[in-house]
Amino acid sequence: MNNDSITPPGFEGFELDPALLRAINDLGYESPTSIQDQVIPLLLAGQDLLGQAHTGTGKTAAFALPILNNLDIESRILQVLVLTPTRELAIQVAEAFVQFAKHINGVKVLPVYGGADMRNQLRALDRGVHIVVGTPGRVMDHLRRKSMRLDNLTHVVLDEADEMLQMGFQEDVEWILEHAPEDR
Ligand code: AMP
């Protein structure tokens, strides 16, 4: 199959996996948003960055697409942690990852938040996941239980970081990040 034919024109410039371009096409995106234009090339190149964007600007795709592009699917170990201030955002971001990854086999994404059944989360973590999207409290629970390890993270995203600070999550986020490799 010629994957080029289904690349939305505005996304041609990014060196994204054809499977991701197909998913973008399925979603009906025709051109990248401003934040996607600015952020995707930098993240693909492995840069760290602090992005500021309002909701509805396409920020989820801006970080999720390059992260998925660089994921090592063969090794089923946790590589990506996205922290969100609310469970609603955790669910929404996890669903976005699943949608973008729909043409890539074997990508495991787990939303992790308080109130959700712990046994299912433990089982999923035990089988192995690539990406966890969670609220700080529940992520801390898993780190204390050692059901989640952050030693092999390649990407950490603080989604709506300003909101997390306002909600008083700063110390929790710092504690969580102490479990990640120092250079992340
Ligand atoms: P977000 O700002 O990440 O919450 O995204 C807001 C909405 O915009 C979501 O429904 C996305 O699916 C959609 N979206 C993201 N990027 C694009 C794009 N390049 N073209 C059209 N819609 C998009």
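I count a salt bridge where a side-chain nitrogen of Lys or Arg is within 4 Å of a carboxyl oxygen of Asp or Glu.

Ground rules first. My model is predicted, so I take local features at pLDDT of at least 70 and side-chain atom pairs at pLDDT 80 or more, while totals for chains, interfaces and linings use all residues. I number residues from 1 along each chain as its sequence is written, and side-chain values use heavy atoms, without hydrogens and water.

**Salt bridges.** I get seven of them. I looked up Lys102 with Asp26, where N and O are 3.0 Å apart. The pair spans 76 residues, from the loop between helix 4 (87–100) and strand 2 (109–112) to helix 1 (residues 18–27); helices (H or I, at least four residues) and strands (E, at least two) are DSSP runs, numbered from the N terminus. Lys102 is partly exposed at 49% relative accessible area, and Asp26 is partly exposed at 42% (buried is under 20%, exposed over 50%, partly exposed in between; 1.4 Å probe, protein chains only).

Next I checked Asp151 and Arg149, which meet at 3.1 Å, N to O. Arg149 is exposed at 52%, whereas Asp151 is partly exposed at 41%. I also found Lys59, Asp159 and Glu160 joined into one network by salt bridges that share partners.

**Ligand.** Lys59 turns up again among the residues around the ligand, along with others including Phe11 and Thr60 (a heavy atom within 4 Å). For polar contacts (N or O pairs within 3.5 Å), I noted a ligand oxygen 2.4 Å from the side chain of Tyr29. A ligand nitrogen lies 2.7 Å from a polar side-chain atom of Gln36.

Key:
A polar contact is a pair of N or O atoms within 3.5 Å; within protein, one must be able to donate a hydrogen and the other to accept it, and residues adjacent in sequence count only if both atoms are side-chain atoms.
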